[in-house]
Amino acid sequence: MSIVETTGLGRRYGSTWALRDADLTLPEGRLIALIGPNGAGKSTLLNMLVGLTEPTTGTITVLGGHPAGSPAALDGIAFVAQDMPLYRNLTVGDMIHLTRNLNVTFDASRARARLAELGISEKQKAGKLSGGQRAQLALSLALARHPRLLVLDEPTAPLDPLARHEFMATVMTAMAEDGISVVLSSHLLAELERVADHLVLVAAGRVRVDGPIGDLLDQHRLITSPTSTVRHLDGCEVIETTSTGAQTHRLVRRTELVAALPADAESRAVGIEELTLGYFRNDTPRPAPVLTGVSR
Amino acid sequence: MTVDKKVKDEAQPSPITFRLDPTSGVPTYLQIVQQVEHALRLGYLEPGDQLPKVREVVASLAINPNTVLKAYRELEHKGLASGRPGRGTFIDATLGDVMLPELTVLRRGLRNWLAEADSAGLDGEAIGALMTSTLRDFSERRDVETARGTNTPVRRAGGRR
């Protein structure tokens, strides 16, 4: 079953398309990482997913066919926004009480147990907590609703490395124990290698890459050849070319099995960070580098 | 997905814990597979020993549970471990050593090659660089040929469901 499905999804603000023509089928039980430069359309997509924004075109359904924003969809999704919205003057205990009364399903004992484990007292005011503790409070409240899908908008960006590790450990444990699915937007590419199953890369309002990370890493290669003998590669889409006098590096996506490489070309696998940066740079308009002998 | 349902038994904790090297460039699931193989070679793990529970690995390393499951499936695929429903994954076999005579022949060949590289004027670093890039390239081409030979798309063993 797919946890999120979109067809021709688009959202326009005035005359500007924040996102357009998005066709996505995201699998259940996975962590789906949504990445892209600022202003690429990530938050627009997340907001449509949780029902805060209406699409201009197309459709978006969640949890196996429920329209985003419908009561069934809202019950099964928990969303932690980027700024960890909490009432700063309420105590942790009050926040638990309030959230219990605002939700149909809420497991207060689970939230209390988790916060006790982390050494966060119910008497403390939410506004007095450290950044890491605030994030854990927001996450514990979200998980106590027993969602089937947890949506996180850049949750770990303001956290120190230890708090970030603990936050992700809590998310990963919820996946292991409850089988929940997670959609997470992030700029922390190095972290994604360890936590994500599936990657959706948006740039300039369009979905550029969408697939299981293992498959994407298998498809992409960095090919290095002497600039003097660079020639067209069969069965490859060139994503990015960097060229100096002596060497030319090409990040390619194999559309079929690579035909035998020229003997003087080297090929190696790339990581998520290298792959992503290649697409980002490729989508950012800038002066074209001087290329010689490249036939495309 | 159900993972390691809590079962009351007096199972021993696993003799090993995993540590990740984020700079190695080796995929996380493969690091886990390699650490188990390494522990088997060095005798830290023996048949009957339990591997760390998925929940424990996930909580301590903050990695995706599907990654741990993939690593454990790969170990099962290699015949080194097997899953017992509701209890966890246990070691089944040990790793045999590479035959000594083969190693001797390979070492002799490598020595001859090194002597040739030395007389061509390559120093240790240059030899290392050449070795690394050739090995990488060799594995790439072999992977492509293997995939072509069996006429299946390029995929890692134990691919996702």
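Colleague: What do the buried residues of helix 4 of chain A pack against?
Modeller: They pack against helix 3 (92-102) and helix 5 (131-143) of chain A. Helices here are DSSP runs of H or I with at least four residues, strands are E runs of at least two, and both are numbered from the N terminus. Packing rests on contacts, meaning two C-beta atoms, placed from the backbone, within 7 Å.

Colleague: What kind of model is this?
Modeller: This is a predicted model, where local features need pLDDT of at least 70 and side-chain atom pairs count only at pLDDT 80 or more, while totals for chains, interfaces and linings use all residues. Residues are numbered from 1 along each chain as its sequence is written, and chains are lettered from A and ligands numbered from 1 in the order in which they are written.

Colleague: Back to helix 4 of chain A. Which residues are buried?
Modeller: Ala111(A), Arg114(A) and Leu115(A), in a helix that covers residues 108-117. Buried means 20 or more other C-beta atoms within 10 Å of the residue's own, exposed means 12 or fewer, and partly exposed is in between; these C-beta atoms are placed from the backbone.

Colleague: Why do they line one face of helix 4 of chain A?
Modeller: Seen down the axis, the buried residues fall within an arc of 95°, so they line one face. The arc is taken over directions from the helix axis to the C-beta atoms. In general, an α-helix has 3.6 residues a turn, so residues three or four places apart point the same way.

Colleague: Which residues are exposed on the other side?
Modeller: Ser109(A), Ala116(A) and Glu117(A). Just after helix 4 of chain A comes Gly119(A), with a positive phi of about 75°.

Colleague: Zooming out. How many helices and strands does chain A have?
Modeller: Chain A has 9 helices and 14 strands. Of its 296 residues, 41% are buried. The C-alpha trace spans about 70 × 40 × 35 Å along its principal axes.

Colleague: What is the strand order in the open sheet of 6 strands?
Modeller: The order is 6-7-8-3-9-10 in chain A, with mixed pairing. Two strands pair if DSSP finds at least two bridges between them. Strand 6 (77-80) and strand 10 (206-212) of chain A are at the edges with a single partner strand each, so one side of each has no neighbour in the sheet. From one strand to the next, the twist averages 15°.

Colleague: Which helix packs on it, touching strand 3?
Modeller: Helix 1 (residues 42-49) of chain A. Besides strand 3 (31-35), helix 1 touches strand 7 (149-153), strand 8 (181-185) and strand 9 of chain A, and its direction makes about 150° with that of strand 7. Helix 5 of chain A lies across strand 6 and strand 7, at about 170° to strand 6. Axes are lines fitted to C-alpha atoms, for helices over the stretch in contact, and angles run from 0 to 180 degrees between N-to-C directions.

Colleague: How do strand 9 and strand 10 of chain A pair?
Modeller: In the antiparallel sense, over 6 bridges. Leu201(A) stands opposite Val209(A) in strand 10 of chain A. The loop between these two strands holds Ala204(A). Phi of Ala204(A) is near 50°, positive although the residue is not glycine. Ala204(A) has 16 C-beta neighbours inside 10 Å, so it counts as partly exposed.

Colleague: And the open sheet of 4 strands, what order?
Modeller: 2-1-4-5 in chain A, with antiparallel pairing. The edge strands are strand 2 (16-27) and strand 5 (66-67) of chain A, each pairing on one side only. Strand 1 (residues 2-13) of chain A joins strand 2 over 8 bridges. Tyr13(A) has Thr16(A) as its bridge partner.

Colleague: New topic. How many residues of chain A are in contact with chain B?
Modeller: 27 residues of chain A, against 26 residues of chain B. Helix 6 of chain A gives the most to that side of chain A, with 8 residues.

Colleague: What covers the buried residues of helix 6 of chain A?
Modeller: The cover includes strand 3, helix 5, strand 8 and helix 7 of chain A, together with helix 2 (54-61) and helix 3 (65-77) of chain B. Among the buried residues of helix 6 of chain A are Phe167(A), Met168(A) and Val171(A). Gly179(A) follows helix 6 of chain A, with a positive phi near 65°.

Colleague: Where is Ala62(B)?
Modeller: In the loop between helix 2 and helix 3 of chain B. Ala62(B) has a positive phi near 55°. With 21 other C-beta atoms within 10 Å, Ala62(B) is buried.
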